[in-house]
Amino acid sequence: MDTFIHSNRKVRVPRIIYGTAWKKADTARLVTLAIQSGFRGIDTACQPKHYDEAGVGAGVAAGLREGLTRADLYLQTKFTSLSGQDPDRIPYDREVSLPVQVAESVVISLKNLQTDYLDCVLLHSPMPSMTQTQAAWRALEAFIDTGLVRQIGISNCYRLDDLESLYESARIKPAVVQNRFYADTNYDRQVRAFCDQQHIIYQSFWTLSANPQLLAHQSIGVPAAAHKRTPAQILFRYLTQIGIVPLTGTRSEVHMRDDLGIFDFTLSKAEQSAINEQL
């Protein structure tokens with residue numbers, strides 16, 4: 001299997017992405033380590049509350065000194081609305097209109113990440129109303145028009161009607177949906193089906209932390225033993241085989257290598273079916 005997947009915008013997206021939330025002062029070191037280990041996709045956000053985006057940029061810059069070019073990496077960030085920001089550390093002007101906040105956030109991300117373009121920008125979540133979501137979306141579309149952003153998407157979008165409304169009204173269609181992947185939302189079955197129909201890449205986060213019962217289930221344990229792999233590797237491999245792009249935020253170099261090693265084996269149809277029954 002190719003370790004990249006192509007979006008509906010013809011952007012090459014790695015099939016597993018390194019997530020940078022909660023890394024704080026260790027962000028730059030871990031991003032550099034992830035790139036050195038072989039990760040080619042990095043996810044962050046312009047949200048100082050949970051991310052050190054400038055630290056991500058420093059880590060990327062260090063990683064690029066290892067002989068890579070900017071084109072080798074997929075850099076993805078997010079616009080986070082006021083409700084998701086630390087009120088004492090809002091990165092953009094809280095008094096300006098929503099579209100201007102989006103524009104300021106993207107410009108800050110370009111500076112933080114030390115790049116002249118972004119591969120993807122996500123709305124960190126739908127806005128309180130569809131009218132506001134659409135206004136934020138149009139602001140992102142303008143960056144695609146200028147070439148500063150290659151594709152756009154949305155995160156934490158668990159209502160199918162919200163995603164459908166955004167898709168139908170958008171001039172430039174969503175290329176990515178990034179959601180928490182867990183049982184409480186029935187693993188986003190309806191949202192994932194819509195994404196499949198519209199060729200939208202579905203990215204999963206909280207994939208391991210939210211699913212201890214799944215990782216302990218025999219549908220994971222049996223192939224783990226058969227392939228001499230960890231349960232985490234089996235779940236990540238299963239997801240990549242059904243077209244989902246998981247995020248991993250590990251701090252461990254060993255786990256980074258494990259996560260990237262999932263393309264060295266393939267689950268059989270029977271093994272996939274057994275896991276399917278748990279989702």
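Tyr 187 is buried, with a relative accessible area of 3% (buried means under 20%, exposed over 50% and partly exposed in between, with a 1.4 Å probe and protein chains only). Phe 181, at 0% relative accessibility, is likewise buried, and Tyr 202 counts as buried at 3%. The model is predicted, so local features need pLDDT of at least 70 and side-chain atom pairs count only at pLDDT 80 or more, while totals for chains, interfaces and linings use all residues. Residues are numbered from 1 along each chain as its sequence is written, and side-chain values use heavy atoms, with hydrogens and water left out.

Six aromatic pairs were found in a search of the whole structure (rings of Phe, Tyr and Trp, the last by its six-membered ring, pair if their centres lie within 6.5 Å; planes under 30 degrees apart are stacked, over 60 edge-to-face and the rest tilted). Among them, Phe 181 and Tyr 187 form a tilted pair, because their ring centres are 4.9 Å apart and their planes lie at 55°. For Phe 181 and Tyr 202 the centres are 6.3 Å apart and the planes at 65°, so this pair is edge-to-face. The latter pair links distant parts of the chain, 21 residues apart: Phe 181 lies in the loop between strand S8 (176-180) and helix H6 (189-198), and Tyr 202 in strand S9 (residues 201-205) (helices, H or I of at least four residues, and strands, E of at least two, are DSSP runs numbered from the N terminus). Phe 181, Tyr 187 and Tyr 202 make up one aromatic cluster.

The charged end of Arg 70 sits over the ring of Tyr 117, 4.0 Å from its centre (NZ of Lys or CZ of Arg within 6 Å of the ring centre and within 35 degrees of the ring normal). The charged end of Arg 180 sits over the Tyr 182 ring, at 5.5 Å from its centre.
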